[in-house]
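Please read the sequence alongside the model while following this report.

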Amino acid sequence: MTEAEWLSASEPFRMLQVLIGKVSDRKLRLLGVAIARASWDRLSDERSRRAIEVVERFADHEVDETTLQSFVERAWDVRDEMWDAGPENCDDRLWMAEAAALTASVYEWNGTFHRTGGTDDGYPFRLPSPAHCDLIRDIFGNPFRPVAVDPAWLTSTAVAIAQGIYDDRAFDRLPILADALQDAGCENADILAHCRSEGPHVRGCWVVDLVLGKS
Ligand SMILES: [Zn+2]
């Protein structure tokens with residue numbers, strides 16, 4: 001894949017093939033969470049949504065594996081109950097419930113994508129969508145043009161703004177982060193343009209992660 005193809009790609013599997021082995025399990029986990037959150041209303045059972053919230057916290061080491069596992073089991077219960085009720089009655093809610101359970105269940109994302117990437121069974125893309133490509137570009141940036149952070153940009157103001165954005169999912173504050181970075185001497189066009197773009201931006205956004213030192 002070329003840089004131009006990456007920027008215009010509409011098939012998530014092809015993009016993942018570029019990334020696998022080069023990015024963290026945390027980032028891949030947050031991608032699964034972002035995809036689930038993009039279809040939040042189609043997660044028809046509260047247990048599926050709780051599992052996604054917990055796996056997001058697990059990505060940042062805020063909950064332990066035992067806690068996650070208990071939510072994973074409940075998420076699988078949802079999937080199994082729907083299956084037992086008759087898959088023909090569930091339309092895509094069954095696949096959404098299954099994707100949520102799988103998203104929460106996976107502990108080694110790089111290895112999993114190695115096994116499933118490039119196939120229709122690859123998840124969390126149970127129902128793959130071109131919109132997922134925008135989420136991939138938000139979380140991973142442009143792998144053909146990696147950006148190195150200058151420590152001088154990481155003023156207490158910029159870091160505090162980025163932390164607030166991360167904690168509150170307040171991505172409407174990204175233009176304020178751009179201003180703070182520019183005040184600190186950042187003139188990187190990719191960073192500034194990303195902060196001032198419409199998005200979508202999600203937890204794991206490459207600029208916010210860059211400022212917070214997350215990978
Ligand atoms: Zn972003």
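In which sense, left-handed or right-handed, does α3 pass α8? The crossing of these two helices is right-handed, where a crossing is right-handed if the near helix is turned clockwise from the far one by less than a right angle, and left-handed if anticlockwise. Before going further, note that this is a predicted model, in which local features need pLDDT of at least 70 and side-chain atom pairs count only at pLDDT 80 or more, while totals for chains, interfaces and linings use all residues. Residues are numbered from 1 along each chain as its sequence is written.

**Helix packing**

Helices here are DSSP runs (H or I, at least four residues), numbered from the N terminus. Their axes are lines fitted to C-alpha atoms over the stretch in contact, and angles run from 0 to 180 degrees between N-to-C directions.

| Helix pair | Axis separation | Crossing angle |
|---|---|---|
| α3 and α8 | within 10 Å | roughly 140° |
| α3 and α6 | within 10 Å | roughly 155° |
| α2 and α8 | 9 Å | about 20° |

The angle of roughly 140° between α3 and α8 makes α3 oblique to α8. For such labels, angles under 35 degrees count as roughly parallel, over 145 as roughly antiparallel, 65 to 115 as roughly perpendicular and the rest as oblique. On the α3 side, Lys27, Leu30, Leu31, Ala34, Ile35 and Ala38 make the contact, and on the α8 side Ala131, His132, Leu135, Ile136, Ile139 and Phe140 do so; two residues are in contact if their C-beta atoms, placed from the backbone, lie within 7 Å. By class, this contact has ten nonpolar residues, one polar and one charged, where Ala, Val, Leu, Ile, Met, Phe, Trp, Tyr, Cys and Pro count as nonpolar, Asp, Glu, Lys and Arg as charged, and the others, Gly among them, as polar.

Helix α3 (residues 25-38) also packs with helix α6 (residues 91-105), and their crossing angle means that the two are roughly antiparallel. The crossing of α3 and α6 is left-handed, and in it Gly32, Val33 and Ala36 of α3 meet Ala99, Ala100 and Thr103 of α6. The contact of α3 with α6 comprises four nonpolar and two polar residues, with no charged ones.

Helix α8 has a further partner in α2 (residues 12-19), and because of the angle between them α2 and α8 are roughly parallel. This crossing is left-handed. Pro12, Met15 and Leu19 of α2 meet His132, Cys133, Ile136 and Phe140 of α8, and this contact is made up of six nonpolar residues, one polar and no charged.

**Domains**

The protein chain is divided into domain 1 (3-140) and domain 2 (151-208), with bounds that come from an automatic or database domain assignment. The centres of the two domains, taken over C-alpha atoms, are 26 Å apart. Eleven residues of domain 1 are in contact with eight residues of domain 2. On the side of domain 1 that touches domain 2, α3 and α8 (131-140) each supply at least two residues, and that side has seven nonpolar, no polar and four charged residues.

**Single residues**

Ala97 is placed in helix α6 and, with 28 C-beta neighbours inside 10 Å, counts as buried. The cut-offs use C-beta atoms placed from the backbone: a residue is buried if 20 or more others lie within 10 Å of its own, exposed if 12 or fewer, and partly exposed in between. Apart from its neighbours within four places in sequence, Ala97 is in contact with Asp45, Ser48, Val78, Arg79 and Met82. The C-alpha atoms of Ala97 and Ala158, 61 residues apart along the chain, are separated by 38 Å.

Some backbone details fall in loops. His61 is found between α4 (46-59) and α5 (65-85); its phi is near 60°, a positive value in a residue other than glycine, and with 8 C-beta neighbours inside 10 Å His61 counts as exposed. Arg169, in the loop between α9 (156-168) and α10 (174-183), has a phi near 55°, which is likewise positive in a residue other than glycine, and Arg169 is exposed, with 12 other C-beta atoms within 10 Å. Finally, the peptide bond from Gly199 to Pro200 is cis, with omega near 15°, and Pro200 lies in the loop between α11 (189-195) and α12 (206-212).
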